[in-house]
Structures are given as C-alpha cells and as structure tokens.
Amino acid sequence: MKTILHFFRNLLPASLLLLAAGCGTEFVNLTPQDVIPVAGFYKTEADIRAALTGTYGNLRGIYNNFWQFTEMPSDNTRSFGESEVALGEFDRLTWRSTTGGVSTAWTDAYRTIANANVVIERSGAVTMTDALRNQYMGEAKFLRALMYFNLVRLFGDVPLILTEIKTEADAYTFKREATAAVYAQIEKDLLDAEKVLPAKFTGVNIGRATSGAAKSLLGKAYLQQKKWTEAAAKLAEVIAANTYRILPAYTDVFGLGKDNNDEIVFAVQYVGGGFGEGNTFVHNFAPQPSGTSIVAVTANSHNVGTRDLYDAFGPGDIRRDAFMGIFTRNPDVYYWTKKFVYNIAQQNEGENDWPVIRYADVVLMYAEALNNNGKTDAALTQLHLTRKRAGLPELKGLTKADTQLAVELERRLELCFEGHRWHDLIRWGKEVSTMQAFKAKYATIDVLNANISITADRKLFPIPFRETSLNASLVQNPGY
Amino acid sequence: MMKQLRFSDKPGGQQWLPALLFALLLAAPLMGQPLASARQPQVASNSNPAAPVLVSGRVTDETGMGLPGVNIALKGGVTGTTSNEKGDYQLTIPDGQTRAVLVFSSVGFVAQELMVGNRTVLNVQLKPDSQNLGEVVVIGYGVQAQKTLSTAISKVEGRSLALQPVSTPGEALAALAAGVQVQSGRGGYPGEAPTIRIRGVGSLGTNSNPLYVVDGYPLQDAGQFNLINPSDIESIEVLKDAASAAIYGSRAANGVVIVTTKRGKGGKTQFSLSAYTGMQQNAKKIDVLNRDEFFQNMKFISRVRGQAYPAIYDTDPNSQPDTDWQDAIFRKAPIRDFQLSASGGSERMRYTVSGGYFSQDGTLRGTSYDRYTLRFNLDAELSPKLRMGVSVAPSYASQYRQPAGGQYNNAAAGEVTGARALPSPIHSAIVMSPAIPLYTATGDFGQYFDAAQSANGSAYFPTNHFNPLAVLSLYKNRVQNYRLFGNGFLEWEPIKNLRLKTTLGSTLNVEDQYAYIPANLANERAPRANSANPVPAQIFARETQRFGVDWLWENTATYSHTFAEKHNLTLLGLYSLQKFQSKFTGASGRAGTFTTDLLTNPLASPDRVGEVDYELNAFLSYAGRVNYDYRGKYIFSAALRQDASSRFGPNNRFATFPSFSGAWRVSEEPFWSGLRNTINELKIRASYGETGNANIGNFTWLNGVSGRNYSFGGTRAFGYAQAGFANYDLTWETNQQTDLGLEASFLNDKFSLSLDLYDRQTQDMLFQKDLPGIVGYANNFRTNLGNLQNRGIEVSAKTSLRVGAVKWTIDANISANKTKVIDIGGPQALTPQGSVFGWNNVYQIKVGEQLGNMYGYQVAGIFKTADDLTRYPQFATGDKIGNWIIKDQNGDGKVDESDRVIVGQGFPKFTYGMSHSVQWKNIDLNLILQGVQGANIINGNIRHLFANANFNTIPLYFNNMFDPADPTREVAFPIPGASGVNPGNNLTDRMVFNGSFLRVRNLTLGYTLPTSLLQKVKLQSARIYATGQNLFTFTKYPWYNPETSLSGDSAYQPGIDQGTYPAIRTFTLGLSIGF
C-alpha cells in the first residue's frame, strides 16, 4: 500500500502540474532506468577494463562449440541420436550455408572483434597509465588476431574490420579480403601484442593473454601458412622463454581443478556455480544413454570419439584410456571424450577450461616446423617430449617424410578433441584422402558413415547464408 | 522542468490527493443511498401517505412482441425497474398510485408517460422513434447511432459473451464478429488469453494485438483485457477500419476493441444473482498403442535394426504394466461461476455494483484458474450542468500453470519460469512407453529406469524422458494477479451543446509469480531423481513480482448542434496524457546451491540471486474529430490525431494520423420511397485512415552496454559489452487502410446485411532488421521498413424471424483475409524459421508471397527395390531401399534443399461464425457455431513417434513402415532408421494436416420461470439454463485441437502443434434470478 501511495504521490500531482506548466514535449522525453547508454561509457580505465573483460567473455560461447568446426568434420569424432539430427551435417561434411552453427561461428567471431576494436580504438582517449593502456590494447589485439585466425581458417577470405562500425551504411562497405591480407593483419596484431604483454600473469589476472600466448598463436599462424622458418623461430622463442612445461601426468593437465597449469599457454576460462558462465561441453560430450553414470545430468552424445581414433593409439600408449572412455549400449559403442568430461552435476555449468593453445601443441608445432626446415633429428627430439609421457619409445633416424607422418599421428593422438585435427588435416592437404579412407573403412560398420560427403571444397565452410543474403558483395566460397 | 516538479522531495507534500481518491473509492458504494433518501421527502410532501401498491404489466412493440430492457421509472421518484426478456415488469409504488406517473423509455422508441390512476396492470405499447436511428454504438470518445456511422465497427452484445462458460472475454468473442479472429492457441489452458487479430497480421517486427479500451481507458497491456469479468460487459465494439480507429492514433493499427461495462440505469435497486457450475473434459483422446501393440512395434523395429529387446516381452508380456498416460495426466474438472450484482439509484444518481467469482480447474492436472472481481460504476448529476462518474474495479486472479507446449524433454520456452527446462507432460504422455509403471511399488512415480524396458543393455531406455504425472504433481508454478482499475470523470456543460470532460484514471497491477521444482522431480538436470533418491542440488525456486502503474489523464471538449434542423454537427477535441511505469523484481536460489526442500522457496538456498527490471513509457496526444451529417443522409467524418511517445527516437517522436470517412444513406433519398417497404435501409460508405503501431517495447531506439563476464584466476571478472544498435530516427509503423462498406436492411429491419472490403497497407514496419554479422555488437536493430498488405472481405447478416410464437434471431458472419508480403526493405526473403526441433527451415517470409507458407518435401513413395534406386532421384547424400522417394521438384536428378515446396499455409483462408437465438414462450435456445477454413497445421507431436523402439507410437505408423522382410507391401512410411528425408529430420507433406474445422461452440437451453410463479416467491425474474461449450468439432485434424498454435501469435511460425493444451468440452447448469 505504501508503494501505491508513493506512486500516486509522485506521479499524479507531478503530471497535473507539468501540464499546467504546459511543457508537453518534456512529458515524453524520458530517461530509461534499465540502459547504461553507450554514449556515456568508455570514459575511464575501469570502463576500458570492463570492455576488455566483455571481449574475453565472448570466448566462452565460441569455444563451447569450437569442436563442431574442428573435430566433428574429421575422423576424430561423431554424433549419435538426436545429436545426429542437430550435428549430423558437421559429422558427414554436408553442412550448408544455412546450417545453424556456421552462422553463429561467423557472428560470434565478429562480435569479439567488434568488442576488441572498441578497446583498441577508445583506449587512447582515456586517462590511465601507459603500461595499462598497452596491456589492454595488447590483449585486445591478441583476441582480435585469435578471431581472425579462426575466421580465416574456417571461411578463407573474410572482411577485415579494424574499427567500430557505427552506421548501417558502413556495414555494407566491407568486402572479403584475401587470405594473405587477413594473415598479415593477424601477424601485425600479434607482433604488437607480444611486445607489450607480460610473460606471465598472477592471481586474479591469470588467464589473460600473455606474450607467450601471442608468440604461440603467431607461431601457429605461421605454421598454418607453411611459413616454416618464421614458425620455427617464433616457437623457439616460446620454448626458450621457459615459461611452460610438459607436465608429468595427464591427470595434471585435464580435469576438474587443473585449470591454468604450467602446460596451458592460453585457455578459455569457465567458472561453474550457477552463474551461467560455465562450459556446456562437459555434458554435451557424454553419451546420452549413459544415464547418470558419466554425468549426473542428461548428456547429449555430441562429439563422441570414433572407433578409428580409439584404434589409432598404438600398443602401450597410455593416452588411449586417459583420453577416451567406453560406454556400450547395444548396438552402439561410445568412445566418449574422457579428456574433458568429469562427473558434472549441472548442465551448462562445467568448471574446466578449454585449452586453446597447450604447450604440447607448441612443441609439436615446433617439431613440424623443424622437420620442414630439414632439421629432422631436432624435430624427433621435440616429438619425444610428448611421446615419452605417453609411455612410448623414442623415435630415431626417421626420414623427413616418416617424421612428418609421426608428427601427424602424434598431433592427432596428443591433441585429440582439442580442436586442432580438422585444420591440421587441411594444412597437410590430407582432409579429402583421410575422410575418404575413413568412409570406406566404416561405412559398412555404421550406416551413417556411408553418408559422409567429401570434396576439396569442404576445407572451407560456406559464408553463412545470412551474410551473403544481407550483403551480395560477399561472394560465396566454391562448392556452395 | 520535471526535476523541479517532483513532489517526492517534499516531505509530506500533497498527501490529500491519494486520501481523497481512496475516500472516494470507499465511499462510493454508499453514495447512492444517502442521496437517494435525501430526495424522498420531496416526493412524500407532494402526496398523501398511502400503502405501497404493486403495479405490473407488459411492454410490447407495435407488433405486440414483448420488449425487454425497457426502463420503467416513477416520475420524480427513485423507484424504477426494467422489463424482463418477455417484456414483463412489476414495480412497487411506495406511496400509492393515484398521482403516480410511470415513464417507459427504451433506446429507439418514443418514451411514454402514463398516469397509473387506479390500475394495477399497465400494458404499454411503445412506438418506434420517428427519428429512430436504431442501435447506438460506442465509438472512440463518444457514441453514435449505428445508422449514421460511416466506418466499419462490429458490435458484440455483452449477453453473448456472458452466456459462455469460458475464463476470458477474449475466448467468448470467437465467431461473434466478422474480421475478428480469435485463436485459443494454447487450447483450454485455464485463464489463458487467446490471440485476437483484427483483419489479419499487421506487422512482422512486433505483435499484432489490437488496442483494448475499457470504459475509455486504453490498456497498456492486452492481457489486462482478459481480467475483466465477462458478465460485467455491456458491449464490445470492434473498430476495424482505420477511419474508426484513427482517433486512437498511434496504437490503433491493429484495430481497437472498446469494452463498455454495465452502468446503473437508475430506479429501485435490482439485485441479480447468477451462478453456473459444470464439468469439463478433453474433447478428444489420442489413440496410441497399448502395451501389446507396443511390444509388437518394438519387436518389429528391433528386428529391422538388428537389436535385441528385453526377453520378458516374449516370455511374460502380461507381467508388464499397461499404463494409459493420457488417463493419468488428464481429468474431468469442475468449472463454476457466481455473480451478484445490484443496480439502481435515482434519476440523478445511478450505480451498479457487481461481484463475481470464477473458478476453473484444468483438465490437465495441476492447472487451474480462479478469479475474483468487483466492479462499481457510479454516475451522478451534480447539477444540471455538471455530471460525474466513477468506475472502480479491483480484481484478483490466481493461475496454476504447468508446462504444456513443447517437446517431451523440453517444454517450449516461456512455459517454465526462470529458463528452466521441464518436460512437456502432454507430449510425454503420448511418447511414453505404456510398459512403464505409473507408480513404482514403493509409491514413487514410475520412470523408464524402473521398467523392464531399460534392463536389456539400455537400448530401449531414453534417458531424457520422464513421467509426466510427476511433473504435474510436483512442479509448482502459480501466477497471481492483483489489479485495481479506477477511473473518474467530471463533465461540465458551460453552454448548451458544449460538453467539457476530464477523465482521470489509473491501473495498478501486481503480478506475482512463484515457481518451485522439488528435489524429487526427475528432469534433464536430475534424470534419476525421485522420492527415494532426491537431488537437492537441482531444486529450483523463484519468486518474482511485477508492479505496474499506469495513469491516464484525458480531456475532451464535445460540441454538438443541429443547424437549421438539418445540419447535424459534432466536434470533438482531445488532449491526453498517459504514462506507464513498472518494476520487476525477483529472487531465486542460485542453481546448484540448494541442500534441502524443507523450505520450498528461494530462502532455502544460501546463495540467492536477485533480478530487477524497469519499464517506462509515456504518450502525449492531441486529437480532433468532425462528424457531420445532412438530415442523416449524407454523412461525413474526419479525424486527426497527433501522438508523441517516449518509445520512439528523439528525431521522430511525433506522428500524425489522419482519417476520413463518408456515407450516403441512399434509402433516405426521395427516389427510394417506392423501395422503402422492401429495402428500408441502404447505406454506402467509404473510409480511409492512417493508424500507428507502437508495440515495440520501451527505449528500443537506444543502445547501451550490458554485462558480459569472464573469469581470471578462477575469480569472476565483471565486464560490459555494447548491445544493440541505436536508431534515433525510429518511429511509428503506419497502417493505411481503405474500407468500402455497404449496409442494407430489408423488410423493416427483419433482415440486415453488411459488407466490407478493405485494403490495409502496413508501411514503415517496425522491424527487427538484420545487420551484417561483421557489425559484431548487434545482429539487428529496430527500424522502419517494408510493406505488408492485408486484403479482405467481411460479410455479416442478421435476421429476426417470427414464426408463430417463436422469435428467432440469426447472426452470421464470414470473413476472408490474405496477408501478403510486399517489401521487406531490400532482401527478397527472410531467414527461414523452423517449426519444431528437427524440422528446420520450414517457414520463410518471401516478398510477393503470402504470410504463413510452410515449406517441405513432397513424398512420392518408397524405394522398394534396387531398381527403384536408379529409377527415382535420390536425396543429395544418397538413399537406400526402404527410404522415402521425395519428389524432385526442379528435375535436376537429385533431391536437396531446392526441392522444398509449399506444403501448407498456417493462416486460414476464411473464418466464419453463426449464432442463433430462439425464443419460444418461456424457452430460449442459443447456438454459436465457429468455423475456420483453409489453415494447415504441422503436427509436431508425431515427429518422435516414428520408428523409435523406446517411444510409444500411433496407429498411423504402426504396421505402416517399410519392412525389408516384406518389401512389396504398400506402406506409407520408410524403414526404421531411414536416411534421406524421414519423418524425424525434415518436414514433409505427410506431417502437414488440414486444420479446418467447424465447431459447435456453444449451445444453451434456458427456461424463464413464469411471472405468476415468481410473484409468489417475490422474485422479479428467474431463468435456469444448461450450456454445452465446444460440444462438437468437425475436423480432419487428428490431434487435440485444430485451433492450436505452439508459437503463439507469431507472424513467422503459425500453425504448429506440439504438446499444446487440448480443447475442452464443458457442460454447465446455471441459474440467474433477479429480485
């Protein structure tokens, strides 16, 4: 009742007098109570820091689904049941420009870029220490580079947005830029970032992009372009900095409570506890029919490992049982992704992080670069760092070609489920041959594999239908 | 300016106003009496005290037919009554009759005064008013005779609404007015408002709800219309064309529904009591397989797929449960309604007070609706030049909800509060295996994991599938609505013919919602939960409140004058302000933090989460209207309204809405005189007007930053990111509507006909326009673009027949509307929308096409042989024997996305309604028929029923799937596990059904007790009646309700059914007495 009276007391007399005073237009010029207007924001150091945090915040959603584009198309994983309805197109390489996730991948990446652009563009006018400004801009550039690296691998030539788009008309002025130009921007941003970012963060800053992360990502970008010399040099810098190490056991690297360990170069940070900021991949990866035996909530059978991956682990490789679990429901056998799954009690509230770059990846990338530079023995030395932990013997005296094959297998096994396989295959030019072999081998075992469709065009996803239909100047990729 | 005038800053300032208002509210019911009694001595002084005398009689029209509703008042006194349905009346004259004069008056008739003298029986025949313009209709800010209307307005009498046992006035409107489509999208959900559309879908970017105006008060929220007690409604006028609606300007684009509540007519206090009570049941039950058929189906699918099924299904099938899940979740449920009203007053002070209680239990267990309403209307003449009126209507409603629409494991968004997913029990009841026990031996709700089904390697155990009765029994979701509507006016006539009126009103609305999911309710987050194994971490408790205040101050000046006895002129000026403000607050326990359900609210969690949200908007309006007619023959009307609203960008906040209409009553011309005996009325009218739509929420023109968090070092970090794209130019969506009408009455109004043709163009649609993804921080923004066209025809006819002693009135209407997309601001098509999960890209809005088209594949047969595989085009990824053959529409030799064609249309071609009212002696019969023709429904209920051995299914699929062991048998559905296009993954024409129906919506049989009998028990009138609501529905649609709409009032996805609430059939017995 008090509130009612309060309203009356405020509103009625006020309005009567307003009218009496004859200020009509004022009556409809209201200030919202539920909006923090953009016009008043980005003025202080705290605003810029919050804007940068908001930029990082996008990574959660992006890497919750990253496996759709980087694991599902490959021979590493598959889907079952309802998941097959939702994700079958990624599994069988029959995605189209209208496939849901394709559009999301595009818009999520550009949202992060837009948020990063705000930090980069507006930091200059805000009063703060140069150290902080450099750090914030460096982090923003790292995030922008990471997004363009994802975009250029998924879609090829993409529009380069480096400033805020402020009007609708602006949004139509951008065209697809050549892959080389996109990579050039990635390299530029990362070279800028590595100069200003610290080697390590502590306490409540752990998880921010470091110089090591920038260098590693740059190395990864060089490698994907087959710039072997630059890649080897940059990755050598990461190794020489001695910031990261291969941990002795897999249980130190993956699982609940192991986040941000010494092997993590850059990981997407998730936090459980009912804030809506946890990961979704834990229950998504568990087999749906497992009931409560693997996760305490209903699972989804997304991104389940293949028999082919399971069998690829050689004798004595302890990673097979560390990374994969078996759940059988007649007639289906699920080689589920134990690497990421723990007994979670809440959907969408997974606590463990997603490793974007792990030191094992750095080491294996370095090995690949070295081998391609003709330093095969040095490459094998690097390769042994991860093989040793897996309980495998050291490889010696292999030819360059065999070393390449060994690196390829090692990357598949060590980094399985982590979102590297599909673009590795593309770098090696083996995505078609691998998937054709996979289809030939498994089509009779599982009828769904008979529907895999693989052509060279599949190495790029189509520009989302939404985007080409909004902007006709975005020419579609071949084959779509 | 605003800051300086804020009164809250002054302690104790202006407290008299609320006090006065509340005093008025409280005193209002008492006011009629003291004032009335104050007048009595005057009467007494003029007459000798004498004993009261009862006078009775019958009022008839010139044909001798009884006239109901005639006011009979004692001249100069306070006594009065109205005639009953047969024209009979009785009136006690308090001080003897000798000098008493009775005044008989009724709209459309010449009032008569009769000296009572010594008579105790006074029969009166009233003559029609020579100036008779017949029925009066309520237009915006005034009333007008039906015959001098130049616009398209449909009137529905309150009586037609009150006779139906339904929970909302909206539902009762179905079939009663041409051009008004009422779709009870969620079926018989108690207390749920239907979707009401007037002349089609007017907008793609926002909703197409009409504006509701109750006793002159434009409602902020369409939902509040449905809190009105249907029995309190005197009439509903639907302003359909833009010319009639334009006086409501910026909010009238989708038509205006004007509700007028009953007001006192004066005279002696008349009490009326009415009550009905009855039972409801589902109008239909779906035929699903019983246990033995289910086992047979399971074995067939297992055989084809090469899986083993639980051995007990062979060895001892009878040991297994045979649960009828529909019987478990549905019930017969009572419905009741009680009304008590009193009405009376003096010539100068009239009032009506009514109280009502309505209670409906849902046929789906766990659902119910209870509503308590009170309404007080008072009109008083304070002096010959000053009038006032007050309306106060408090109400309280309580609704218990359950998730209905949506999928077995995931009820549709909005069905469950707080974004928690729960199973849809209605869908679950269909797909649940009958071999699952309803209850376990220990009394827990039976689940798949309790059954033999899950024993054998779990292949027949869908883990995301839960006992629907558990949901209905354990989940709590209650919405309580407290509303106080108050409105008062003062009208002053400073000089003759000029009336100045000021109206002040407000609506207070509190919506309180409480939801609770206990630890023992199995759902996706706690799949094994039951009483033996509660999962406290998955408890969910949330309490929310929305407190809204809306106030309106309206000022009108009306001048009417007849010049030279032939020029009738009415001028109206309006100045109005309306402001709405609301606050939403809520609290819930953080997910995962509950440890006990000893306390069933958010306090049981040690970690609570708060929510808050605000809404604010204001409208400022000026309007003017001219109504002119020359001898009631040439009629012209024009209106202009200017509105400003905070909802629009600062650059375009004002908008102006003009309208014009004209009519020619051909039948008033001298040359018509010869025809007048046949066609007594012929009117041709035309109108054009512009109206606006502002249903876009508040401040959508502005962009802000919103929270987006991350975590560093395991600690949450709070961040912000831009959200939304500012549009300072955002403005009204405009409807330009042209209407041509013809009205004719034959044989002295025995038969009348009205015809309307309209063309409605929505310009500058309020549209959520997509932005290229590269913009990043916004995917779309609110802007004005495009053009949508609605064209249609409406025909209404009415006839009053008299066959002997039988009086028979028939009202019929039919309307057809077509919504076409003319322009969507550049692109030729919008992003396709799915229907239900798994059936994607079904709806697509395309330029030049009709709204509501459904796209899917056409099934042409089944690949039965290897030969067939070469003969017919295959799906892009290849086909196999047993798969469906899909028609290769473009003849490119393969079946892919481009072979989708239109397989249905979600909006009806036409709708129609007919009501009959028959009276014979004391017996009356009412019948309302409702029809919808040419709409299709996508039956999403049956998607999961295809070829899942662990789900139950329906006879449609049973023994009707391709069997590799018997390949030549004619079957309609592909092999279990089919690839290519199959019922599970793509929409085909086999899943689209004809949704046309004809429904016997209401049949009421009543008996009015004879006056002679009533006099003995001192009653004025008494009627008993029996009603059947939704008695029969003639339809080919095979599911619960052909009126279904899973996506509510969506313009994008009309005509989907999945787990929507069944239509209910209601039988009631009622009684109404007057005393």
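**Strands, a residue and an interface**

Me: In β16(B), which residue is the bridge partner of B:Val214?

Reply: In this predicted model, the partner of B:Val214 in β16(B) is B:Val259. Strands here are DSSP runs of E with at least two residues, and helices are runs of H or I with at least four, both numbered from the N terminus. Residues are numbered from 1 along each chain as its sequence is written, while chains are lettered from A and ligands numbered from 1 in the order in which they are written. Local features need pLDDT of at least 70, side-chain atom pairs count only at pLDDT 80 or more, and totals for chains, interfaces and linings use all residues, with side-chain values taken from heavy atoms and hydrogens and water left out.

Me: How many bridges join β13 to β16 in chain B?

Reply: Four bridges join β13 (residues 211-214) of chain B to β16 (residues 256-261) of chain B, and these two strands run parallel. Two strands pair if DSSP finds at least two bridges between them.

Me: What order do the strands of that sheet have?

Reply: The sheet is an open one of five strands in chain B, with the order β10-β15-β16-β13-β14 and with mixed pairing. Strands β10 (153-157) and β14 (217-218) of chain B stand at its edges and have a single partner strand each, so one side of each is left without a neighbour in the sheet.

Me: New topic: where is B:Asn817 found, and is that residue buried or exposed?

Reply: B:Asn817 is found in strand β39 (residues 806-823) of chain B, and this residue is buried, because its relative accessible area is 18% (buried is under 20%, exposed over 50%, partly exposed in between, with a 1.4 Å probe and protein chains only).

Me: Which side chains make a polar contact with the side chain of B:Asn817?

Reply: Among them are the side chains of B:Tyr758, at 2.6 Å, and B:Asn790, at 2.9 Å. A polar contact is a pair of N or O atoms within 3.5 Å; within protein, one must be able to donate a hydrogen and the other to accept it, and residues adjacent in sequence count only if both atoms are side-chain atoms.

Me: What separates the C-alpha atoms of B:Asn817 and B:Pro908?

Reply: The separation is 8.0 Å, although the two residues are 91 residues apart along the chain. B:Pro908 is also one of the residues in contact with B:Asn817 once neighbours within four places in sequence are left aside, contact being heavy atoms within 4.5 Å.

Me: Now the two chains: how many residues of chain B are in contact with chain A?

Reply: For chain B the number is 97, in contact with 103 residues of chain A. Four salt bridges are counted between chain B and chain A, and one salt bridge joins the side chains of A:Glu277 and B:Arg716 at 2.8 Å, N to O (the rule asks for a side-chain nitrogen of Lys or Arg within 4 Å of a carboxyl oxygen of Asp or Glu). Strand β28 (residues 608-630) of chain B gives the most to the side of chain B that touches chain A, with seven residues.

Me: Which strands of chain A and chain B pair?

Reply: Strand β1 (residues 36-37) of chain A and strand β32 (residues 704-707) of chain B pair in the antiparallel sense over two bridges, and A:Ile36 stands opposite B:Val705 in β32(B). An open sheet of three strands has the order β1(A)-β32(B)-β35(B), with antiparallel pairing.
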